[in-house]
Amino acid sequence: MHVSKAQDIDTLQERALIRVSHDHPPMVSITNPVTAGIVASVVPPGRSAELRRRLGAVLQDQDLDEYTGSTAVAWALDCGEEVDPHLALAAARLANKESDPQSALRFTREIAGREKPTDVAVESARALISLNNDEAARRVLADVEKRAGDGLALDEWASLQLLWAELDRRSPAPAGNALARLQEIELRLTVAGDTGNGPDSVAERVRLAYAELAVFDGRYGDVLQMFQDVDTTDLSSEAKIRAASLLSEAKAVTGDVLGAVVLGKQVTLAAGFLDLSDALLRDIRGRFLLILLLSAKFRDAADFIAATSEAWDAQPRLGSMFEIGQGIVDLHRGDVTGALQRLQSGVWQLRMHDPDAVAGLAVAACAYAFALQGDEEKAGALLVDVEDPQPRASWLVNRMTRYFELSAKAEIGQKTEALRALKQEADRDTEASALATGLQFLAAVARVGDRQASQKLADLAGQVSGRFAGLCARFAEGLKNSDSEELLATSKDADTAGNAVFARDATRKAVSCANDAGNRISLRMAQRTQQSLEDRFGNPRNGVLSLLTSTLTARESEVAVRAAAGTSNRKIADEMHVSVRTVEGHLYQVYAKLHVASRSELKDVISGPVEHARLG
C-alpha cells in the first residue's frame, strides 16, 4: 500500500481507525468495524483476489507461516479460496485467543466434516461461550458427544467435559453439576493411571478447574489448601500464573491483604511476558482490580487502570470491568459526577455484552453514586434493577454488589433496614473466614450509625492486614472513646487514601462526639471538615445543613440557617409563619446545642444558602 503522506498513517492510528503491527513486514488492520465494513463493501471481490495473488507471488519464496493468521484465512475465504482444514482450525484457535469469536465460528463452519469433530466442537463451543450463547454451546457439545459415542480419546473427552463444567458454572442454577463433572474426569484419570502433572496435562487442567470453581463459589479455604506448596516466585508458565492469580484472591478475602496485593502485582507483571489469551488476561487483570477495590486501595487501583489502559492492546483485553472499576474509584474519592458518567456507560455496555458477569455490580455501584448525590428516585429505580435476575457472577463480585446495594439503601432513607442487613452480611462472611468482605460490611455498619459495632469492628480489623484495616481500627477506637480528634485524624488519612466516603462518615462521627463533649474547638474543626467533604458529593441534602442534622431538629436547623444569614427574628417568624417567641425559643436551643453565644459565632459555623434550609 502506498501512502502519499507519512502523517496519514499516524493520523489514522491516533483516531483508532487502523492498527499497525510491529511485525516484519508491518501489517495494517482496520480496528473500527464500521470502517472495515465500508472498505470491504467498496473493494470488489475480484480486486481483492487479485491483491491476494500478487501478495502470494511476492512471498512465494519466503516462509509463509507468519502470514497464515486468522486475518489471512479470513481474506482467503473472502476471495473464494478453499482453505486447508488444519490451517482453518489453527485460525479458529487464534481467533478465540484474540477475542474474535465471530471469526472463530466462521472458520469452524468452513471445516465442518473435514477435520477432527472434537477439535472443531471445542473451538465452536469456546466461541459461543464468549458470545454468551450458552445454549448453542451446549448443543454443539451434545452433538459431538452423540456422534462420537465411546470413541473419544481420554484427552478429547476431558476437553469436552471441562467445557461442560464451565457452562454449568455459568448457569443460574447452583454449580453442583460443574463439581460433579470435574470429579468424574478425576476418577477416569485415576482409573486410566493418567496422573501426569505437567503444565499442559489433563490432570493439571482439572486441578486448575477445581481451583477456579472454588474461587467462583467462595470456597477460599479449599484454594489455600490446594496451593499451600505453590512456589509463587516461579511464574514462568500459564498454569503457574493462573494458580497464583487464584491464590491472590483467596489471600485477600481471608485477610492477608498485603500478601495478596504483592502477589497480584507479580502475577499481572508476569502475565505481560507470556502469550496468553485475551480471556485469561482479562480474568487476571480483573481479579487484581477487584482485590484493590476490596482492599480500598483506590489510588493504587486508579494507577493500575491508567497504566494498563496505556497498552496498545488495552481495549480488546480489558472489557467493561475496568470502566466500572474507575467509576468505583471516582465514587469513593468524591467525584460522583465522573463516577456516574463511567458507571452509566459501563451499565449500557454490559447490557450488550457481559463476559465477566459484572452487570449487577455496575448497577449497584451506580445506584450508590446517585444516592450519594441525593437523587433518590434514580437510585431507587436502579436498586429495583439489582434485584432482577442476573448472569451468575463470582462470589466476590456478588459480595461487592451486595455491599453497594445496602450502602445505597442507607443513603436514601432505608437506614434501619440497611443496617440490619449489613450486620447480617458481616456476621455471615466473618463466620465463613471471608474477613476482608466482612470488614467492609461491618465498617459500613459503624459508619452509618451503630456505635455499638465499634468493638466488633476493632476485633475484626485486627485480623486483616492492610491500610484499610488500620483505618477501621482507628475509627473503632475513636468511636469507643468518643474521641473527636482521633476521628478527624482518621478522616484525613482516609481522604488522603482516596476514600472520601469513609472520611465523610468519620467526620460526621467527630462532629457528634465533639458536640456531646461540649468541645467547641474540636466541634468547629469537625464542622468545617465535614462541610468540605459533604459539598464534594454534590448532594443538596448534605453540605452545610448535614452539619446540623445530627444535633438539631428540622425546625431548629431552618431557624439557624436563616439567623446565620442575617435575617431578623421578626422576618424569620413571618417567613416560617410562627411567632417571634417560637423563633427565640428555637434559637436558644440552637445556641445551646451548637455551643455558640451569638449570631456571629453561628454564622462562623453555618455558611450555606438559606434555600437549603428546608429539611422537611
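## Helices α8 and α9

The crossing of α8 and α9 is left-handed, a term used when the near helix is turned anticlockwise from the far one by less than a right angle. In this predicted model, local features need pLDDT of at least 70 and side-chain atom pairs count only at pLDDT 80 or more, while totals for chains, interfaces and linings use all residues. Residues are numbered from 1 along each chain as its sequence is written, and side-chain values use heavy atoms, with hydrogens and water left out.

Helix α8 covers residues 134-148 and helix α9 residues 154-170, and the two pack at an angle of about 150 degrees with their axes 11 Å apart. That makes α8 roughly antiparallel to α9, the word for angles over 145 degrees. On the α8 side the contact (heavy atoms within 4.5 Å) is made by D134, A137, R138, L141, A142, V144 and E145, and on the α9 side by L160, Q161, L163, W164, L167, D168 and R170. These contact residues divide into eight nonpolar, one polar and five charged.

## Helices α13 and α14

Helix α13 (residues 238-253) and helix α14 (residues 257-271) have axes that come within 8 Å and cross at roughly 155 degrees. That makes α13 roughly antiparallel to α14, and the crossing of α13 and α14 is left-handed.

From α13, the residues I241, A244, S245, L247, S248, K251 and A252 meet V257, G259, A260, L263, G264, V267, A270 and A271 of α14. By class, this contact has ten nonpolar, four polar and one charged residues.

Terms used. Axes are lines fitted to C-alpha atoms, for helices over the stretch in contact, and angles run from 0 to 180 degrees between N-to-C directions. Helices (H or I, at least four residues) and strands (E, at least two) are DSSP runs, numbered from the N terminus. Angles under 35 degrees count as roughly parallel, over 145 as roughly antiparallel, 65 to 115 as roughly perpendicular and the rest as oblique. Ala, Val, Leu, Ile, Met, Phe, Trp, Tyr, Cys and Pro count as nonpolar, Asp, Glu, Lys and Arg as charged, and the others, Gly among them, as polar.
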